[in-house]
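Welcome! Please take a look at the sequence and the structure below, and then read on for a short tour.

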Amino acid sequence: METEITKENYMRRALTLAAKGEGRTSPNPMVGCVIVKDGRIISEGYHERYGEYHAERNALMRCGEDPEGADLYVTLEPCCHQGKTPPCTDIILEKKIGRVFVGSPDSNPLVAGKGVEILRRGGIPVETGILEEECRKLNEVFYHYISTGLPFVAAKYAMSCDGKIACASGDSRWITGEAARRQVHMLRKRYSSILAGIGTVLADDPLLNCREEEGVDPVRIICDSRLRIPEDSQIVRTGKQIPTIIAASEGTLSSRGGRAKADRLTAAGIEVLTTEGETVDLSALMRHLADRNIDSVLIEGGSKINAAAFASKIVNKVYAYVGGIIIGGEKAPAPVGGEGAGDIAGAVRLGNMEVETIGEDICITGYPVYPEGK
Ligand code: AOF
Ligand code: ZN
């Protein structure tokens, strides 16, 4: 019983270390590692940045004493492939680690169980599944991206207790308090891109950056089928400092005015992407983003973008912030516009819902389950 608790404690420490890589490892997973000898932690490490050493190698290289016979706790199955860095299984075997404890399996086809197998074949006992659920959740983006080849998409919105995201006039400042708004910047640190609609740009002239300390700015993606974005908007003016993609419809670019505007936006440092059809095809856009190594998208949209995102079934997670305010008004917009479900059977359900209190507001998270055949 006692060893059970201890194992989980070490893995929890490894999880805390893993999370330090947040925002810097994508599209790689966040991974943490703890090395324990004679009941003491003798070294720790985590995957600090994409392309750099993995957690295990960092922990083993920093070890002040000989790790021979030690226990190694790692949140993800050690890799066994030569990638940007040498296989972690090599250094674990070379250092004669005594036992390995793994959080969750690596579903990268280059690893997928082979990491554990190689260690076992090399004579190291391996125990898997320590805090597996937490380890998987930490890397929900990685698991989705590696298995589907598409970015993990989250829709975030703030609404009143009566389900409005603004007054009929459009005013929405502020529905949630400061603490909840600060948390949004933490989300922006976690996701590699933010997507908004042109409506939001025209109404609020946002910067859509990450104002978290040491946060990396996510790529900004604006859905603007007709390229209406003002050239003096904050987004365009900062196009050379913060990576920005504007998604437009192919038709817009085939007009002379559209082509010229796209060229000016390109000169301002912005990438203009197109999809077929009159409006931006979000599914096609997601495929384009995946090609650019973008593993995750945080949609900070209004009713229209959210409706399109749910209709194209690209949303994998919802963050619904709810402020203690009643706005009312039939014309006041709700988070998801469009036609909506025809009946309850056709609605999108949320699975694994969780509720958290943030300051005076609450945040509901859940994972959409789309109705079959709709
Ligand atoms: C580990 N420990 O800390 C991480 C792992 O391009 P590379 O060489 O960095 O390899 C990336 C892959 O390695 C990634 O897709 C995932 O399968 C694994 N990441 N593995 O043993 C780590 N970050
Ligand atoms: Zn590795």
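Are His 54 and Cys 88 buried or exposed? His 54 is buried, and Cys 88 is buried too; buried means under 20% relative accessible area, exposed over 50%, and partly exposed in between (1.4 Å probe, protein chains only).

A word on the model: it is predicted, with local features needing pLDDT of at least 70 and side-chain atom pairs counting only at pLDDT 80 or more, while totals for chains, interfaces and linings use all residues. Residues are numbered from 1 along each chain as its sequence is written, chains are lettered from A and ligands numbered from 1 in the order in which they are written, and side-chain values use heavy atoms, leaving out hydrogens and water.

**The zinc site**

His 54 (ND1), Cys 79 (SG) and Cys 88 (SG) coordinate the zinc ion (ligand 2) at 2.0 to 2.2 Å. Donors are N, O and S atoms within 2.8 Å of the metal (3.2 Å for Na, K and Ca); water is not among the atoms, so sites may look incomplete. Along the chain, the donors are spaced H-x24-C-x8-C.

**Cysteines**

The count of disulfides (pairs of cysteine sulfur atoms within 2.5 Å) is 0. For Cys 135, the nearest cysteine sulfur belongs to Cys 33, 12 Å away.

| Residue | Relative accessible area |
|---|---|
| Cys 79 | 4% |
| Cys 135 | 2% |

**Nonpolar cores**

A nonpolar core is a set of buried Ala, Val, Leu, Ile, Met, Phe, Trp, Tyr and Cys residues joined through side-chain atoms within 4.5 Å. The largest has 29 residues, and Leu 195 and Leu 285 touch the most other members. A second, separate core has 23 residues, including Ile 42 and Val 100.
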